[in-house]
Amino acid sequence: MRAIRIHRFGDPEVLELNDVPISQPGENELLVRIHGASVNPIDYKIRRGAVPGITPDMLPLTLGRDLSGTIEAIGPGTNAFRQSDAVYALIGGLDRGSYADYVVLKPGEAAPKPVHLSHIRAAAVPLAALTAWQGLFDHGQLQAGQTVLIHGGSGGVGHFAIQFAKVRGATVLTTVSARHIDFVHELGADRAINYQSERFEEVARDVDLVLDLVAGETQERSWSVLKRGGMLVSALGAPPQEKANQAGVRGVGYRAQPNPAQLVEIGRLIDEGRVRPVVSDAYPLAEARLAQQRLETGHVRGKIVLGVAE
Ligand SMILES: NC(=O)c1ccc[n+]([C@@H]2O[C@H](COP(=O)([O-])OP(=O)(O)OC[C@H]3O[C@@H](n4cnc5c(N)ncnc54)[C@H](OP(=O)(O)O)[C@@H]3O)[C@@H](O)[C@H]2O)c1
């Protein structure tokens, strides 16, 4: 089968289209024919050698963390799925990747694909949507009637976070560049803050939750917008505890985990038309270099996806 792999860290040129054997599913595992795989910042961070703990001795690696596809073969012991079922999934380990024709999924990774979505649009969902869901609800404990400030609302994670927070009944403020203001309003944001021309701390006050998808100076300036007892949840590592203590709030870092029950819930919201994944561009698998460059150069609206199977 085809797989996009890296044998060394570097620029997009290190992405290679290789021919590799198809693995067979073991006990409780599924072999999935991949139809679509999304492109996430973690993919180019891994490619660059910028992710702590991912070292040259772990190469070659197949890139890609999430996918939509159909079940090709089922290992012994699996009752939840049948051959040809359409599924979508976040892959839990770096031992496998979704920039490929096939992948073996472990128990606790796959959920039924939302029926009303193409595989390309379904592939856009798992990593970004689970990151948004877990940041807002598992870590941030966002409740109806509360106010959340989402940094980076127009990107892959942010565009889901805006929609989930609105479904939950929260007031949503979000920072975006000028070109995306209309887009985030269409997604339901109550207030779009143009981070190029406005200081968000002059707009946002007494916020219950900050979902930080940007880090750096944006995170540093965020402590002052929180009410006492509020929370800053960052998808980019644990924020400094002394800053949280000084502000009288909590600061939490997290990494998204596979969660089929949450994918089912998210799929239900999508099939009901209450949440929509936005795909800016789809590229063929063989053009993974271009797809990563597109995401890396920034300002993508929603998601970039690789189309794998015909
Ligand atoms: N911990 C985890 O498990 C986890 C999971 C997924 C993602 N992440 C991380 O979370 C971050 C976002 O991921 P993503 O998939 O949403 O990336 P993305 O699709 O590239 O979106 C990033 C967005 O950030 C916006 N942005 C850039 N600078 C900004 C600023 N100063 N203020 C506000 N917004 C700004 C950009 O919007 P404009 O075009 O409007 O500038 C862009 O749309 C990445 O660093 C990623 O690695 C972590």
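Trainee: Why is Glu 29 called buried?

Mentor: In this predicted model, Glu 29 has a relative accessible area of 14%. Buried means under 20%, so Glu 29 is buried.

Trainee: What makes Lys 106 partly exposed?

Mentor: Its relative accessibility is 32%. Exposed means over 50% and buried under 20%, with partly exposed in between, so Lys 106 counts as partly exposed.

Trainee: How do you know that Glu 29 and Lys 106 form a salt bridge?

Mentor: Their side chains meet with N to O at 3.1 Å. The cut-off for a Lys or Arg nitrogen and a carboxyl oxygen of Asp or Glu is within 4 Å, so the pair qualifies as a salt bridge.

Trainee: Why is this pair said to tie parts together?

Mentor: Glu 29 sits in the loop between strand E2 (15-19) and strand E3 (30-39), while Lys 106 sits in the loop between strand E7 (102-105) and strand E8 (110-112), so the bridge joins parts 77 residues apart in sequence.

Trainee: Is Arg 96 buried or exposed, and what about Asp 95?

Mentor: Arg 96 has 12% relative accessibility, and because buried means under 20%, Arg 96 is buried. Asp 95 has 57%, and because exposed means over 50%, Asp 95 is exposed.

Trainee: What makes Arg 96 and Glu 109 a salt bridge?

Mentor: The N to O distance between their side chains is 2.9 Å, and the limit is within 4 Å, so the term applies. Glu 109 lies in the loop between E7 and E8 and Arg 96 in the loop between strand E6 (86-90) and E7, so this bridge ties together parts 13 residues apart in sequence. Arg 96 also forms a salt bridge with Asp 95, with the closest N and O atoms 3.2 Å apart.

Trainee: How many salt bridges are found in the whole structure?

Mentor: The search finds 16. Arg 199, Glu 201, Glu 217 and Arg 221 are linked in a network of them.

Notes
Residues are numbered from 1 along each chain as its sequence is written. This is a predicted model: local features need pLDDT of at least 70, side-chain atom pairs count only at pLDDT 80 or more; totals for chains, interfaces and linings use all residues. Side-chain values use heavy atoms; hydrogens and water are left out. Helices (H or I, at least four residues) and strands (E, at least two) are DSSP runs, numbered from the N terminus. Buried means under 20% relative accessible area, exposed over 50%, partly exposed in between (1.4 Å probe, protein chains only).
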